[in-house]
Structure formats: structure tokens, C-alpha cells
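Student: I would like to learn how to read a few features of a protein model. Could we go through them one at a time?

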Amino acid sequence: MENNYPYASPLYAGQMLKPPHVIARTAYAFAQQINPNNHALDGGRESSSMEIEAVAEIARMFGWNEHLGHLAGGGTMANLEALWVAGSIHPNKKVVASQAAHYTHERITSVLKIPYASIPNRIDKPVLDTLELESMLKEGNIGTVVVTAGTTGTGHVEPVDEVIRLAKKYGARVHVDAAYGGYFRLVVFDKPSIQSAFDAITEADSIVIDPHKHGLQPYGCGCVLFKDPSVGKFYLHDSPYTYFTSEELHLGEITLECSRPGAAAVALWATQKRFPLNVGGEMSDGLKRCIDAANALHSGLESTGNWLLPFEPDLDILVYAPRANSISEISKLSEEIFDAAAKLDLHLALYKMDARYIVDDQMERDSEIVTCLRSTLMKWSHKDYIPEIQRLLEQSRVQNS
């Protein structure tokens, strides 16, 4: 295990890896002493109650007092359940998501044998183009639109409010993939468009959020929520041996997964007791620090003139690249800086994207794809380390210029 990156360090500013809080780790380990199974109350009496309570708190964060939901092994399984229900409500109709959406949606629909189509992105920003979406909706064969509140590539928030308006107009469902960005619902944004997007999530039909990302939990802990509890009818089944000690709802009756770790529910419940999901609370303040960190790094790199910054951050992910004379040279330098920074104990990520987002009329456009650097500044401590991160970045750039 020594052959790993220092994920807990604030100088790890690469992939989406956020150490779980000590409360979550302790509660998980404590619960593991009896290893509860939250598939049925028989296997996890108290941990099942904790799951129901913790999930209800997440639902209320999105403005839902009524809901159907549960924890899952992660965002992929949670999204699978949401799209399975979507396909059950609108059989033979398409599920659509933007080119910026997580690849799991296309993979899941393939597994479920649901028709799928990709919505083109905007020319200026890697989020779905609502004009293209409306054109597709007019065809009348779309059952569900997936909209992403925090894309995993660039961290951008798609226009949830506009998507919901269009979906209602054309009779489609809306599923919000907030696996990465869902907890930012607790933040008050300066940008009205981002605030409107998060406010509108309450009008969606289903939501996925991953507590193992910004919820301070160990892997794997995802969560799926449905606004209409009656979708539970699609899960209907009976087991001759599993459910027999209680007339209360068994979580196994509303999940596709069978055995699930009750320890994950205990850890989440305990963490939310310490960090309630309130706007303006400690969790909210920590998430705001992550956004501030991304904005500070963006401003700092922009001020030097040495870096290309294709997008302003919506959340806490920043994409950037060294200036160069061609697209291919940008890609080469990005990879060299990635290696040089690692030798200085600054750990970044590489990100390939459409080169059209690199706007520079003087540059030779010898490739349609460009490799950039990408940083996910998701630790609450990152804000304090931005000057050091920038210093090490500049040092790495100079070594490879």
C-alpha cells in the first residue's frame, strides 16, 4: 500500500479522491464488528434505520419531504436504478444525456437495452446545448433526459432549470446526475445561472448523489432518490425467507442490489450528525472553500500569462494548460509538467478534451484533441495551499519550457 499517491495531502490535486472523515472511518469500523447487511431488517436492524434517516436528510437537502430512496454501492449502481425505473415508466423511449455526461449512462442503457442518444455540447462550454436538446425532444421519442450537476471532466453544472422546463414541455422525465456535485446544493453561489441550476434540482424526477465524494464517506457509498414514492412498484418482489421479522419497509424491497454493507449507512448517519446538511453550516462552509480554491488557482494562473485557461470553474475542478505554439505541443508540455510536478510532490491529473475549447488565434491547430492538466480541489484544506500549488506548477512549467 506504500505504492500509492498521497491522496490525503493537500498537494494531491489530481483526481476525485477525498479522504473520508475520521468520524466516518471510526463509525464504519465500529459497525463492521457485527457486519450488518442492510438488505433486510433481519440482517441490519439499527443500521437500516440509520440508512432511512440519513437518506431522508439527503432528500430534504434537495427540498423533498416525500421520496423513495436508499444507499447503493456507488454512483454507477445508483444511476442504473434511476435509469431502470425511467425505462420502466417509458418503455422503448430514449434516454438522452450530453457529451459531457459520465460514460456510465451510455453503458447502463446498453445493459438495460434502453435506446440512448447523446446531446451535443455547446460550442463555448462542455455542457449540453439546450437548443439541440429541444430539437431532439420535438421528435417525441425521448422518455428521460439526464442532466449533470457537476460533470466529472470539468466540473461544470449543466442548466438543470432549462432542461426541466423543456422536459415538461415535451412530456419527458428528468434525472439529475449529481453524483459529484450534489452536495454543492448547500452553497449559495454568486453566479445566478449556477444557483438557478441547483435550485431547480427539486423539480427533477430522480437524483443520484455520491456521499463517498463530497459527503466525507469511504467507498462505496452512492445514493439514489425518486421524487414519486410510487415507483417502488417496479421493485415489487417477494422472498420466502428474507423478510419475516417485521411489517416495516425492508430496504431490500426497494433496491436492485441484495446484500449491502450496513456499515456504510452507520458511517453516513454518524457523519451527518456531526455535519448537518444545512446551508451556511460547517459542511456548506467546507464546500465553499473548495470553490474558492478553484477560483483562486484560476485567478493566480491567469495573472501570470503563462497558462491557457479554457473555462472558469463552476465548482472545484479546474482545467488548464501551458501556453505553446500548437495543440500538439500543449499536449506534450502538459504531460511533461505532470511528470515534473509529481517529482516535486505536487500530484495533478491529465485530461483530454476537444481542442476547440482552446481559444488562441495564433496557435497551430494540428490536432482535434488536446491534453490538458486538471485539478480537483475538493479538500477543505486546498484553499490554504493554492499559493504553494501555483509555485510548484510554475516551477514545473519552467523546467519544461
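The dialogue below takes up a sheet, a lysine, a helix and a glutamate.

Tutor: This is a predicted model, in which local features need pLDDT of at least 70 and side-chain atom pairs count only at pLDDT 80 or more, while totals for chains, interfaces and linings use all residues. Residues are numbered from 1 along each chain as its sequence is written, and side-chain values use heavy atoms, with hydrogens and water left out.

Student: In what order do the four strands of the open sheet lie?

Tutor: Strands of a sheet pair through backbone hydrogen bonds, either parallel or antiparallel. Here the order is β8-β9-β11-β10, with antiparallel pairing. Strands (E, at least two residues) and helices (H or I, at least four) are DSSP runs numbered from the N terminus, and two strands pair if DSSP finds at least two bridges between them. The edge strands, each pairing on one side only, are β8 (307–308) and β10 (349–354). Helix α10 (residues 327–343) packs on this sheet and touches β8, β9, β10 and β11 (369–376); contact means heavy atoms within 4.5 Å.

Student: Which residue of β9 stands opposite Leu308?

Tutor: Ala321 does. β8 and β9 (residues 317–322) are joined by two bridges in the antiparallel sense.

Student: Is Lys213 buried or exposed?

Tutor: Buried means under 20% relative accessible area, exposed over 50%, and partly exposed in between (1.4 Å probe, protein chains only). Lys213 has 14%, so it is buried. Lys213 lies in the loop between β6 (206–209) and β7 (222–226). Not counting residues up to four places away in sequence, Lys213 touches Met16, Lys18, Ala179, Tyr180 and Met378.

Student: What does the UniProt record say about Lys213?

Tutor: The unreviewed entry annotates Lys213 as "modified residue: N6-(pyridoxal phosphate)lysine". UniProt positions are given in the numbering used here, feature names are shortened, and annotations may be inferred rather than shown by experiment.

Student: Which residues of helix α5 are buried?

Tutor: In α5 (residues 130–137), they are Thr130, Leu133, Glu134, Met136 and Leu137. Seen down the axis of α5, they fall within an arc of 160°, so they line one face of the helix; the arc is that of the directions from the helix axis to the C-beta atoms. Their cover includes β2 (94–98), β3 (116–119), β4 (142–148) and α6 (160–170).

Student: Why does Glu394 count as buried?

Tutor: Because its relative accessibility is 14%. Glu394 is in helix α11 (residues 382–399). Leaving aside neighbours within four places in sequence, Glu394 contacts Leu301, Thr304, Asn306 and Trp307.

Note on methods. Axes are lines fitted to C-alpha atoms, for helices over the stretch in contact, and angles run from 0 to 180 degrees between N-to-C directions.
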